[in-house]
Amino acid sequence: MDRLSFTPTFQGTSYGIGDRIGLIWEQTREPLMVPLLKLMVVVCLTMSVMLFVERVYMGIVIALVKLFGRKPEQRYNWEPMKDDVELGNSAYPMVLVQIPMYNEKEVYQLSIGAACGLSWPSERIIIQVLDDSTDPTIKDLVEMECQRWASKGINIKYEIRGNRHGYKAGALKEGMKHSYVKQCDYVAIFDADFQPEPDFLWRTIPFLVHNPEIGLVQARWKFVNSDECLMTRMQEMSLDYHFTVEQEVGSSSHAFFGFNGTAGVWRISALNEAGGWKDRTTVEDMDLAVRASLKGWKFVYVGALKVKNELPSTFKAYRYQQHRWSCGPANLFKKMAIEIARNKKVNLWKKVYVIYSFFFVRKIVAHIVTFLFYCVVFPATVFFPEVEVPMWGAVYIPSTITLLNAVGTPRSLHLLVFWILFENVMSLHRTKATFMGLLEVGRVNEWVVTEKLGDALKMKSSTKTSKKPRIRIGERMHLLELGVGAYLFFCGCYDVTYGKNGFFIYLFFQSMAFFIAGFGYVGTFVPNS
């Protein structure tokens, strides 16, 4: 001890730190680290089983629906709208079409043009453009586009407000306050990149007219740029499952699902009875749907009716979107779980479905277990041979879940491996956002409008082919992804040296996926002009 005490500072510190780390590791490994990791494995396996049961349940329901179920037009009273000789066009309900937008330079003409092209008696429809743009040039362009359609006889209203309070929910709420809205029976909502077909109202309004218990009719999304890059193909796979399975199951079994915020038609009386639009979370659409459902209103999903829209094709835009889509539901769950449980208007089975299946498993467990298990706990087991992950938990369950997720997009089955790796990368941000929503910290109420490119990327590439853009490294690097990638790579190297299970194959592939995302080589990249 005396010799160590009088060792020169440089050498003693170097030796002492390494020795202490090794000593701490040996002292904590058996009594603390191993039991803790075993506990985490049990927790993750439990969540995996919960997710597995949920996926199998939905798989069984959707199989029964496809084999024996009836189409929405058969389950509900649906008859085409007919002319009334005596009443004329006044026999048709009054429809409001809302288009909220914010600095949508690339797509505003598409959405306004599609809405103005909807087939419906001209005196029974009002197009309302809710422009929250902060760029005066874009504001002028949108206003001129509205004036252009107004000159053609379209009943179109251009509405602005003095602030962006409440973001989209605030704009929609403000739009409902105008006097001319009082004469409307239904409201169709389309985001700025959505392009409904002319017959959209003819196919949706009859559900509401002939079924007074229905409060919402939701259409499916059709992605116009799904083949733009590998990232948009991955998004297509995830969203196709959402629409093909999740929305269909909710509609068929419980007449409830989350409103997608666009490409849907609300009964205005249902919207008002539910309390209207609220901006307390970043998922105002889901918030409204849950509150309307608790009032007893039923929803119908029409999967055969598709509305064209654009997927975010830049990694930056997609990360912001996924943060909002993950943080918002978790925050809404925290705010409404008790209210749902105490509700008297819906039965116990529906309460269990909404609280457990819709919120807890799909919106919270699914995100957390994907990242925690496959990117943290499972890789950590290579350092602890005494901690074993059973084959059913490491291979069979995730493989089954993956195959069930793939049913929505058969054309992309060959991309399953890429989809798994990409989803694990995105689970990092979804998990972080989920905890932000549950704890109401950080960017819990941050609303960043998803960037739409329209034809901007094509035009930039065609006009600047001779000039290579200067790209700053900081614009593309993402430290969180790089950090997780480094952790997985280190685990893989350790497994190659000391392991016996061959986990390094997965660890190296997954680390490469994180590195690729971390260096920004995901999606399209649009440099600043």
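This is a predicted model: local features need pLDDT of at least 70, side-chain atom pairs count only at pLDDT 80 or more; totals for chains, interfaces and linings use all residues.

Biologist: What makes the phi of Ala255 worth noting?

Modeller: Its phi is near 55°, a positive value in a residue other than glycine.

Biologist: Where is Glu440, and what is its phi?

Modeller: Glu440 lies in the loop between helix H14 (416–439) and helix H15 (456–463). Its phi is positive, about 55°, although Glu440 is not a glycine.

Biologist: Why is Glu440 assigned to its accessibility class?

Modeller: Exposed requires over 50% and buried under 20%, with partly exposed in between. At 37% relative accessibility, Glu440 therefore counts as partly exposed.

Biologist: How do you know whether Glu236 is buried or exposed?

Modeller: Glu236 belongs to helix H8 (residues 230–254). Its relative accessibility is 8%, so Glu236 counts as buried. Leaving aside residues up to four places away in sequence, Glu236 touches Phe223, Ser226, Leu311, Thr409, Arg411 and Ser412.

Biologist: What span does helix H5 have, and what is expected?

Modeller: Helix H5 (residues 136–150) has 15 residues and reaches 21 Å from its first C-alpha to its last, close to the 21 Å expected at 1.5 Å a residue.

Biologist: Which residues of H5 are buried, and why are they said to line one face of the helix?

Modeller: The buried residues of H5 are Ile138, Val142, Glu145, Cys146 and Trp149. Viewed down the axis of H5, the buried residues fall within an arc of 100°, so they line one face of the helix. Pro136 and Thr137, on the other side of H5, are exposed. The cover over the buried residues of H5 includes strand S1 (95–101), helix H4 (108–116), strand S2 (125–131) and strand S3 (156–159).

Biologist: How do H12 and H17 cross, and which classes of residue make up their contact?

Modeller: The axes of helix H12 (residues 348–380) and helix H17 (residues 479–498) come within 9 Å and cross at roughly 35°. The crossing of H12 and H17 is left-handed. From H12, Phe371, Cys375, Val376, Pro379 and Ala380 meet Val484, Tyr487, Leu488 and Cys491 of H17. By class, this contact of H12 with H17 has nine nonpolar, no polar and no charged residues.

Technical notes:
Residues are numbered from 1 along each chain as its sequence is written. Side-chain values use heavy atoms; hydrogens and water are left out. Axes are lines fitted to C-alpha atoms, for helices over the stretch in contact, and angles run from 0 to 180 degrees between N-to-C directions. Helices (H or I, at least four residues) and strands (E, at least two) are DSSP runs, numbered from the N terminus. A crossing is left-handed if the near helix is turned anticlockwise from the far one by less than a right angle, and right-handed if clockwise. Contact means heavy atoms within 4.5 Å. Ala, Val, Leu, Ile, Met, Phe, Trp, Tyr, Cys and Pro count as nonpolar, Asp, Glu, Lys and Arg as charged, and the others, Gly among them, as polar. The expected span of a helix is 1.5 Å times one less than its number of residues. Buried means under 20% relative accessible area, exposed over 50%, partly exposed in between (1.4 Å probe, protein chains only). The arc is that of the directions from the helix axis to the C-beta atoms.
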